[in-house]
Amino acid sequence: MAVYDEMIKELSENQDFPSINAEQETMQKIALAGLCRGGFFKNAAFYGGTCLRIFHGLGRFSEDMDFSLVEKNSNIHIDNYFEALKEEFRLVGKEVEIVKKDKKTFGRVESAFLKENTEVYDIKFQTKKSIKVKIELDTDPPLDFETEENLLLRPYSFMVRCFTLPCLFAGKMHALVFRNWKHRVKGRDWYDFEWYVRHNIPLDFKHLQTRIREFDGKDMTKADFLELLTNKLSNTDINLVKKDVADFVFNPKELDIWSNEYFALLAERITWR
């Protein structure tokens, strides 16, 4: 059996994965392998829900791959690594095309904090247009974050530079509080918030402050932030939150306990770093 098919089989057997999700996550891991082989992680780090899913066992599927340069640098672009990405897919028997996304078409529905200099592309199968992975690189990122090396064994053994868990937590809390969708709620933010608290991950406040300052132009104390967070958790329609995340979780019964009161109690359990 080819490596690609073996990877899908392993995911399907170990998780309650729909086949399309198993294939997308396999694509994500092959993309990471190609980026690693091309030297991408000398300059960039992986963060976001897909990072949490792949390296820390988050119990929901995540679609997009988010990357940040580790230093602001307008001369480094993700398209410099496209040949390495394409070659990695060729090694597992797949031809892909990489298509630049038109940022004018998605606004805040697809990316809550998209900036002009953020680079966004889709990796697609030429023969399966429904299978795709979105990759996004912030070339002018908020800094004050820490990284670590994490190991993947498929499609070969390699290391990926990732945000540390406290810094991942900071990014997620920024998104939960400041994501401003008019007609939608991103329940996946709430699911991840619960995961961090349940796993006793401290929140890196320095990185959170930097994100708030650069994206939202505000300086906040912990008390200021907790007030905004508690207000968001208490006043959002919890049924909309559950509806958004339900199709992404492996075990929907996890959502049975969810209520505004439950999340307010979780906020009281945040620890800081």
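Surface patches here are made of residues with over 30% relative accessible area and no salt bridge, with nonpolar side chains joined within 5 Å. In this predicted model, Leu151, Leu153 and Met159 make a nonpolar surface patch of about 290 Å². Met159 belongs to strand S7, which spans residues 158-163. Methionine 159 counts as partly exposed because its relative accessibility is 37%, and partly exposed residues fall between the cut-offs of under 20% for buried and over 50% for exposed.

The second largest pocket was examined next. Its volume is about 270 Å³. H1 gives the most, with 4 residues. The lining of the second largest pocket comprises 14 residues in total. Leu11, Asn14, Glu25, Lys29 and Arg53 lie nearest the pocket centre. By class, the lining of this pocket has 5 nonpolar, 4 polar and 5 charged residues.

The whole structure holds 1 cavity of 30 Å³ or more. The volume of the largest cavity is about 30 Å³. The residues that line the largest cavity are Tyr47, Ser68, Asp138, Pro141, Pro142, Phe163 and Arg211. By class, 4 nonpolar, 1 polar and 2 charged residues form this lining.

Technical notes:
Residues are numbered from 1 along each chain as its sequence is written. This is a predicted model: local features need pLDDT of at least 70, side-chain atom pairs count only at pLDDT 80 or more; totals for chains, interfaces and linings use all residues. Side-chain values use heavy atoms; hydrogens and water are left out. On a 1 Å grid over the protein atoms alone, a cavity is a set of points where a 1.4 Å probe fits but cannot get out, and a pocket is an open set with protein on both sides within 12 Å along at least five of seven lines; lining residues have an atom within 4 Å of a point. Grid points are joined across faces, edges and corners, and a volume is the space filled by probe spheres set on the points. Ala, Val, Leu, Ile, Met, Phe, Trp, Tyr, Cys and Pro count as nonpolar, Asp, Glu, Lys and Arg as charged, and the others, Gly among them, as polar. Patches are made of residues with over 30% relative accessible area and no salt bridge: like charges are joined within 9 Å, nonpolar side chains (Val, Leu, Ile, Met, Phe, Trp, Tyr) within 5 Å. Accessible areas come from the Shrake-Rupley method with a 1.4 Å probe; for residues, only the protein chains shown count as cover. A salt bridge is a side-chain nitrogen of Lys or Arg within 4 Å of a carboxyl oxygen of Asp or Glu. Helices (H or I, at least four residues) and strands (E, at least two) are DSSP runs, numbered from the N terminus. Buried means under 20% relative accessible area, exposed over 50%, partly exposed in between (1.4 Å probe, protein chains only).
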